[in-house]
Structure formats: C-alpha cells, structure tokens
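This report describes a sheet and the nonpolar cores of the chain shown below.

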Amino acid sequence: MALPSISAPEFTTTLPSTGQEITYRPFLVKEEKILLMALEGEDTKEINSAILKILKNCIISDVDVDKFSTFDVEYLFLRLRGKSVGEKVELKIGHSHDKCAHRTEIEVDLDEVQLVGEIKDGKTMLTDTIGVKLRYPALGDIKAGPKQDAADAMYNMITNCIEYIYDAEEVYADFTKKEMQDWIGTLNSAQFKKVTQFFEDMPKLSHTITWTCPECGEEDTIVLEGLDSFFT
C-alpha cells in the first residue's frame with residue numbers, strides 16, 4: 001500500500017543579481033542529510049556541490065542554478081535554510097581580542113542578514129578606448145585544482161568571467177580560453193587592478209553583531225560575512 005504524501009509549502013524571494021522572482025520549497029530530511037555529510041567532510045568543494053544540489057532540488061522556478069553568481073547562491077541558500085529549519089540560529093561569538101576567551105551565545109535572525117555592496121554591470125574601461133565586460137563568478141568558476149594556488153585560482157576565475165572585450169568599433173566575444181589568458185597577461189598592474197577590483201567589491205552576506213560579554217562586561221562588535229558564518 002502506498003504511503004500518504006506530505007506536501008511542502010512554497011515561498012518566493014528575489015534573485016539579487018537580476019530581481020527575478022524565485023519560488024522554492026524548504027529542504028527536506030533527504031536534503032539536510034546531503035548538507036550534513038558535506039559539512040562533516042569540511043571540504044569546500046563538497047560543501048559547494050551539496051549547496052548547489054540542494055538548491056536544484058528545492059527551487060521550483062525554471063532557472064539554471066549553475067549560472068547563479070556566488071552571492072545569489074549564498075543569499076538563496078540562507079533564505080532556504082531559514083524556511084527549512086528556522087529563521088533563528090544560535091552562534092557562539094568570541095571577542096575580537098584575546099584579553100577574554102569567553103564565547104557568548106548570540107541568537108541571529110537570518111531574515112536580518114542581507115547582501116551588502118553595489119551590483120555593477122561589469123563594464124570596466126582599461127584604457128581610453130578599450131574596455132572589458134565582466135560577470136560575477138558562479139561557484140564553478142572559483143574551483144581550485146589540487147595543485148592550484150590562490151593566484152592561479154584567481155587568474156583562472158577572471159579568465160572564465162570575461163564575457164567580451166570592446167572598443168569604439170567592435171565587440172570581441174569570439175576567443176579561446178588560451179587567447180584570453182594571453183590577453184590578460186598583456187595588462188599592466190593598474191589595468192589588472194581595475195579588473196580584480198570588480199570581484200573584490202562583489203556583494204556579500206554581512207551582518208553586524210554588537211553584544212556585551214557576560215564574563216568581562218566589555219561591549220564588542222563583530223561583522224559576520226559569507227555563508228560559512230551562519231552554518232553553525
């Protein structure tokens with residue numbers, strides 16, 4: 001005999017990068033198991049893969065999750081987590097100094113955690129006549145290989161995230177990855193900084209907490225940034 005099915009509620013939110021309305025359901029026990037197993041492994045690649053899989057399972061709207069920017073993924077997953085296991089999370093917060101080792105339990109409302117930073121169109125002029133169109137990276141753009149250091153990973157991400165080069169006469173969008181890597185290598189340090197600044201200024205989850213330590217009585221402030229800060 002078939003067992004009765006339990007329907008899940010549906011919620012909507014807005015994709016930060018585009019303003020598109022997204023419909024989703026809370027994650028279920030099977031999705032929570034995927035996340036817990038990835039967190040236990042403490043491997044960033046596995047955690048990112050688990051997050052994407054859960055989003056694909058739970059988002060009802062017809063969208064390509066693999067193309068979501070990293071901050072879209074973080075924002076949506078935090079909203080999803082709030083509707084799935086509760087908007088309130090308990091975090092243990094330590095001081096910004098080492099004078100007192102006490103860690104205070106703080107309750108954070110996930111609905112109050114927002115993205116900070118301007119969403120830009122990605123067009124950056126490198127000279128008076130030549131510009132580049134960048135897009136925000138997806139999780140797949142920032143995967144580092146086992147023998148790849150941070151500099152190589154950054155260089156590879158930039159290569160993946162250049163959509164086209166343009167000047168007054170033409171848009172150059174037909175190129176190989178090798179051609180783009182070689183082109184990036186011709187930039188001077190000031191021009192390369194303009195490119196990297198786009199990624200450094202990328203929106204991110206941020207929440208400021210101010211509390212008074214019950215152990216030493218001192219007031220302190222901490223800024224939580226990124227999805228990892230809210231996984232406790």
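## The three-stranded sheet

Three strands form an open sheet in the order β5-β10-β11, and their pairing is antiparallel. The edges are β5 (114-116) and β11 (219-225), each of which pairs on one side only. Direction ignored, neighbouring strands of this sheet are turned by 45° against each other on average; axes are lines fitted to C-alpha atoms. Strands here are DSSP runs of E with at least two residues, and helices are runs of H or I with at least four, numbered from the N terminus. Two strands pair if DSSP finds at least two bridges between them.

Seven bridges join β10 (residues 204-212) to β11 in the antiparallel sense. H207 has L224 in β11 as its bridge partner.

## Basis of the model

The model is predicted, and local features need pLDDT of at least 70, side-chain atom pairs count only at pLDDT 80 or more, and totals for chains, interfaces and linings use all residues. Residues are numbered from 1 along each chain as its sequence is written, and side-chain values use heavy atoms, with hydrogens and water left out.

## The nonpolar cores

A nonpolar core is a set of buried Ala, Val, Leu, Ile, Met, Phe, Trp, Tyr and Cys residues joined through side-chain atoms within 4.5 Å; buried means under 20% relative accessible area (1.4 Å probe, protein chains only). The largest core has 38 residues, of which L55, I59, F77, L80 and V108 touch the most other members. Elements giving two or more residues to this core include α1 (29-41), α3 (70-85) and β10, while α2 gives the most, with seven residues.

Beyond its neighbours within four places in sequence, I59 is in contact (heavy atoms within 4.5 Å) with I22, T23, Y24, V65, F68 and L76. Another core, of 17 residues, lies apart from the largest one and has F71, L134, Y136 and F198 among its members.

Methods:
Axes fitted to C-alpha atoms, helices over the stretch in contact; angles between N-to-C directions. Buried < 20%, exposed > 50% of the residue type's maximum accessible area, 1.4 Å probe, protein only.
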